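This briefing sets out the fold of the protein shown below, topic by topic. It is intended to be read alongside the sequence and the coordinates.

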Amino acid sequence: MPPPLGLKISHVWSHYERIEEGDDGWWKVRCSHCHLVLRYNARVTGTKSLMMHVERCLERNLEKPIRIE
Ligand SMILES: [Zn+2]
């Protein structure tokens, strides 16, 4: 599978913790930044949706600590 838009797919798993594998290959995974539990299926969603969440999550998290007054 070629990486979309130059993103490194393997890198996505450094942002998630795999909790458990459910039926039909659906995984419960937890974002290590906001602890949101997402569902992942390699055949259906792929890592694309996980990457999109990480990008938004990091943008959101970065906004807070940068505020220095
Ligand atoms: Zn998150």
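Leaving aside its neighbours within four places in sequence, with which residues is Val 29 in contact? The contacts of Val 29 are with Tyr 16, Glu 17, Arg 18, Ile 19, Leu 38 and Tyr 40. The model discussed here is a predicted one. The protein contains 1 helix and 3 strands, and from the N terminus on its elements follow the order β-β-β-α.

- The 3 strands form an open sheet in the order 1-2-3, with antiparallel pairing.
- Strand 1 and strand 3 are the edge strands, each of them pairing on one side only.
- From one strand to the next, the twist averages 30°.
- As a general point, strands of a sheet pair through backbone hydrogen bonds, in either a parallel or an antiparallel manner.

**Pairing of strand 1 with strand 2**

- Strand 1 covers residues 16-21 and strand 2 covers residues 27-31.
- These two strands run antiparallel and are joined by 5 bridges.
- Arg 18 has Val 29 of strand 2 as its bridge partner, and Arg 18 is also among the residues in contact with Val 29.
- Glu 17 stands opposite Arg 30 in strand 2.

**Pairing of strand 2 with strand 3**

- Strand 3 spans residues 37-40.
- Strand 2 and strand 3 run antiparallel, and 4 bridges join them.
- Trp 27 stands opposite Tyr 40 in strand 3.
- Arg 30, which stands opposite Glu 17, has Val 37 as its bridge partner in strand 3.

**Hairpin turns**

- Strand 1 and strand 2 make a hairpin with 5 residues between the strands.
- Asp 24 is located in the loop between strand 1 and strand 2, and its phi is near 60°, a positive value in a residue other than glycine.
- Asp 24 counts as exposed because it has 8 C-beta neighbours inside 10 Å, and the cut-off for an exposed residue is 12 or fewer.
- Strand 2 and strand 3 likewise form a hairpin, with 5 residues between them.
- His 35 lies in the loop between strand 2 and strand 3 and has a positive phi of about 65° although it is not a glycine.
- His 35 is exposed because 8 other C-beta atoms lie within 10 Å.
- For context, most residues other than glycine have a negative phi.

**Nonpolar core and burial**

- Which residues make up the largest nonpolar core? This core has 5 residues in all, namely Val 12, Tyr 16, Val 29, Leu 50 and Val 54.
- Tyr 16, a member of this core, is one of the residues in contact with Val 29.
- Leu 50 and Val 54 belong to the core, and helix 1 comprises residues 48-63.
- In general, nonpolar side chains of soluble globular proteins tend to be buried together.
- Of the 69 residues in the protein, buried residues make up 9%.

- Is Asn 61 buried or exposed? Asn 61, which is placed in helix 1, counts as exposed because it has 12 C-beta neighbours inside 10 Å, and a residue is exposed if it has 12 or fewer.
- Asn 61 and Cys 34 are 27 residues apart in sequence, and their C-alpha atoms are 8.5 Å apart in space.
- Among the contacts in the protein with a separation of 6 or more, 25% are accounted for by residues 24 or more positions apart.

Technical notes
Residues numbered from 1 in each chain as written. Predicted model: local features only at pLDDT ≥ 70, side-chain atom pairs only at ≥ 80, totals over all residues. Buried ≥ 20, exposed ≤ 12 C-beta atoms within 10 Å, placed from the backbone. Pairing = 2+ DSSP bridges. Core = buried A, V, L, I, M, F, W, Y, C linked by C-beta atoms within 7 Å. Contact = placed C-beta atoms within 7 Å. Axes fitted to C-alpha atoms, helices over the stretch in contact; angles between N-to-C directions.
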